[in-house]
Structures are given as structure tokens and as C-alpha cells.
Amino acid sequence: MRPTLHTALSSALMLVSLATARAAEEPAAEIDLFKPAPGAAGAVAWTAFHEEPDAKREDVWLIREGVVLCKGSPRGYLRTKQDFTNFVLELEWRRPKGKKPGPGGVLVRMTGQDKIWPKSLEAQLNADAAGDFWGLDGYRLAGPEARTKSVEHPKFGTLTNVKKIKDAEKPPGEWNRYEIIADGDVVILRINGEEVNRATGCDVVPGKICLTAEGEEIHFRNVRLSPIEK
């Protein structure tokens, strides 16, 4: 049976609708958050916050040959001035070889006032815990019951932890690749190409992106973001 004109038109419209929906979920052009291309639109600006108000940005954060070197102290973070809601954030990190492996993290959808620690979703970088989630200061998220717990902290508010499903971090001195996919109320963490965690029911709010300083040296490079257009 030959298709009618109505059937052909319906099929064509369905294909266009599917293509449009798929395009609406795909990442837009990638932005290098520290080395934007000359003349590129949407260059990202950064600012620093530390618990010691007299601390200068260069006291904690150095950028050398494309590497963002975080000395770790005083505690605080380097954060974007712009807000992002849905995106694919890719970056590399390493712990210096021969030094004590310590804490660190990447905060996304950070809102509110600068403080230790602000309301946000943390993609954990602590030694032996890279790939854990922490919802800080009441940030909402959910995960499998066996890997999820919430606690009330007198200083830091409600903290919700979803533990990773596997350890995919390389030894100190080697670069690791983090991929953080924030798409609506689902956030996925991949380390070195392996999915290590997935949170659901996340607060969907525009917020800053932060690299944290938590007492020990840690390095970052190739920090790139692709907004997911909705």
C-alpha cells in the first residue's frame, strides 16, 4: 500500500519534532573556563572567596602553563561570576606526588552568600572519596537508600551524602578526568570515563561553579563547560 500524503506529512512532522527535542537536550558550544578563544562570546569571569578575609587570590591560586594550582590554604574557593543551570562540565585534576593526599571538590549550582560552605551540590574530590556527592547547606538530592544519608550539622546545615559506586581515581601525580553532567534534576559523575555516581531529585537552580581549597594542594586543568540548551 502506498502512503497517503497525510501519512507522509505526519511522518515528516514527527521526525522534525524528534530532531528538535533531541537538539534541545544537546550541549551547546564548549567554553574553556580559563582560556577562552580570542573574541569568543560568553567568556567566564572568576572571583575568589576565602575564610581569611585578608587572603589574596594569588596567595592560594596560581595559574602556570595552563594548570590551576591550588595551594589549599586558607580554605575557600575560586568561583565563576556567572550562573549555570544545565551543562556538561569537564575538567582534569591531580594530587601532587609525594604529598599528603587531601580534600577538594567541585561545587555546582552554588547559590546565596559566599561562606564556608555555601548551598550547592559538591562533586567530591577528597582522597578515597572522589565521586561522592554532598548536598551542602540544604541542597536537595536523592540516591539509592543504601548509599544515601543526611545529617544535620550545627554550622553547615543539612548535609546529604550519596556515596560513589566504584573507585576510578588514579594514583597521586597522575591526571584524572571528571565529567559532571547536570541535566534538570539528574546529575551524573564520571571519572576517567566510568560512571561512578548518579543523583536524582536535585534542586534545579542557576548557580555558580566553584573549585575548592580545603587545606591541601591540588591541581586543575582543562576546565571546560558546554551548556545544555533547554
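# Asking how we know

User: What helices and strands does this predicted model have?
Analyst: The protein has two helices and 16 strands. Keep in mind that this is a predicted model.

User: How confident is the predictor, in pLDDT terms?
Analyst: The average pLDDT is 88, and 84% of the residues score at least 70. Residues 5–24 are another story, with pLDDT below 50. Beyond near neighbours in sequence, that stretch has three contacts in the model. Over residues 37–41 the pLDDT also stays under 50, and the model has zero contacts there beyond four places in sequence.

User: Why is Q124 called buried?
Analyst: Its relative accessibility is 4%, and the cut-off for buried is under 20%. So Q124 counts as buried. You'll find Q124 in strand 8.

User: What does Q124 touch, leaving out residues up to four places away in sequence?
Analyst: Q124 touches G104, A129, A130, G131, D132, W134 and Y178.

User: Why is G215 called partly exposed rather than buried or exposed?
Analyst: The relative accessible area of G215 is 34%. Buried needs under 20% and exposed needs over 50%, so G215, at 34%, lands in between and is partly exposed. G215 sits in the loop between strand 15 (208–213) and strand 16 (218–227).

User: Which residues does G215 touch, not counting those up to four places away?
Analyst: G72 and R75. R75 is 140 residues from G215 along the chain, yet their C-alpha atoms are separated by 6.0 Å.

User: What makes the peptide bond from S73 to P74 cis?
Analyst: Omega is near 0° for that bond. P74 is in the loop between strand 4 (67–70) and strand 5 (76–80). There's also a cis bond joining I116 and W117, where omega is about -5°. W117 belongs to the loop between strand 7 (105–111) and strand 8. Why point these out? Because most peptide bonds are trans.

User: Is D128, with its positive phi, buried or exposed?
Analyst: D128 has a relative accessible area of 66%. Exposed means over 50%, so D128 is exposed. Phi of D128 is about 70°, although D128 is not a glycine. Look for D128 in the loop between strand 8 and strand 9.

User: Which residues line the largest pocket?
Analyst: The lining is R75, L107, W117, E122, Q124, N126, W134, L136, D137, F156, L159 and E214. Strand 8 (119–124) and strand 9 (133–136) are the elements that give two or more residues to that lining. The lining residues divide into six nonpolar, two polar and four charged. The space in the largest pocket is about 220 Å³.

Definitions and conventions. Residues numbered from 1 in each chain as written. Predicted model: local features only at pLDDT ≥ 70, side-chain atom pairs only at ≥ 80, totals over all residues. Heavy atoms only, no water. Helix = DSSP H or I, 4+ residues; strand = E, 2+ residues; numbered from the N terminus. 1 Å grid on protein atoms, 1.4 Å probe; cavity = no way out; pocket = protein on both sides within 12 Å on 5 of 7 lines; lining within 4 Å. Points joined across faces, edges and corners; volume = space filled by probe spheres on them. Nonpolar A, V, L, I, M, F, W, Y, C, P; charged D, E, K, R; others polar. pLDDT = per-residue confidence, 0-100. Contact = heavy atoms within 4.5 Å. Buried < 20%, exposed > 50% of the residue type's maximum accessible area, 1.4 Å probe, protein only.
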